[in-house]
Amino acid sequence: MRVHQLSGGYPGVFFLKDINFTVNEGKVYALLGLNGSGKTTIIKMICGLLKVKSGNVFIDNTDILTLKEKERAKLISYVPQQCNIVYDTSVIDVVLMGVTPYLKTFQTPNKDHVVQAYYYLKKFGLDHLAHTNYQILSGGLKQMVIIIRALLQDGRYLILDEPDSSLDLINKNRLMVKIRAITNLYNKGCLISMHNPEYALNYCDNIILLRDGKISEIDLGKERIAFVEKKLSEIYGDLKIIRYGHKYLLCYK
Ligand code: ADP
């Protein structure tokens with residue numbers, strides 16, 4: 001997926017100009033930036049939820065911004081910060097919403113869709129919750145159900161907006177491990193906006209840094225740690241990256 005010269009935002013309040021970056025399949029990209037830097041704005045523009053002023057989002061040679069919502073939803077599965085399902089409904093029905101882009105008007109999910117929905121629930125150890133009311137689940141479980149719904153939607157790209165925001169430490173880590181596994185297993189291209197650069201270092205392949213409306217891209221597989229430290233420090237202040245076994249820890253100098 002190639003984001004090309006994307007410009008847009010909220011007229012008179014906030015505007016991003018000429019944003020460019022690429023998300024490849026099979027890789028996890030962290031979208032990092034301080035609060036209010038425009039991460040959600042970029043995600044909303046890519047997903048067609050906020051009209052762009054100019055620019056394109058190419059998947060292969062198609063500008064997905066020119067597609068109808070249903071067609072775009074077959075290419076991109078979007079997981080919002082908060083899913084505003086406010087009525088009582090079962091977990092399986094929430095997951096089955098993922099097939100909506102493939103249904104005609106008034107068509108309902110068929111047996112194959114239900115089998116598939118159970119397959120994904122089982123894969124994540126949640127099939128026993130299929131008939132539980134979604135409303136009574138914890139924040140972490142709700143988040144997982146929405147991610148499973150996104151898998152059933154079967155977009156080639158998975159875009160998550162701060163999926164960790166309502167989770168405790170254990171669930172944040174679990175979620176990132178799962179996203180990593182999903183990306184590898186299903187060869188998705190994954191773009192995740194997040195607050196904590198430590199998760200980016202430990203679970204992502206690339207970082208897309210947003211600062212003052214400008215993007216810098218860091219390939220974590222290629223760049224030296226000293227360079228990554230310098231780039232992160234430009235945003236977050238004087239940081240030190242510490243290696244701890246196979247993991248990275250971040251602290252202020
Ligand atoms: P981030 O996701 O990096 O925290 P956002 O993209 O949410 O940043 O916000 C970027 C800027 O756009 C902020 O200044 C925010 O106040 C503004 N903004 C966000 N949503 C709206 C909106 N619906 N109307 C007007 N301004 C908005």
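An open sheet is formed by 4 strands in the order 2-1-4-5, with antiparallel pairing; strands are DSSP runs of E of at least two residues, helices are runs of H or I of at least four residues, and both are numbered from the N terminus. Two strands are taken as paired if DSSP finds at least two bridges between them. The edge positions are held by strand 2 (14-22) and strand 5 (62-63), each of which pairs on one side only. The model is predicted: local features require pLDDT of at least 70 and side-chain atom pairs count only at pLDDT 80 or more, whereas totals for chains, interfaces and linings use all residues. Residues are numbered from 1 along each chain as its sequence is written.

Strand 1 (residues 2-10) runs antiparallel to strand 4 (residues 54-59) and is joined to strand 4 by 4 bridges. In this pairing, arginine 2 stands opposite phenylalanine 58, and histidine 4 stands opposite asparagine 56. Strand 4 also pairs with strand 5, in the antiparallel sense, over 2 bridges; here isoleucine 59 is opposite threonine 62. These two strands form a hairpin with 2 residues between them, and aspartate 60 in the turn has a positive phi of about 55 degrees.
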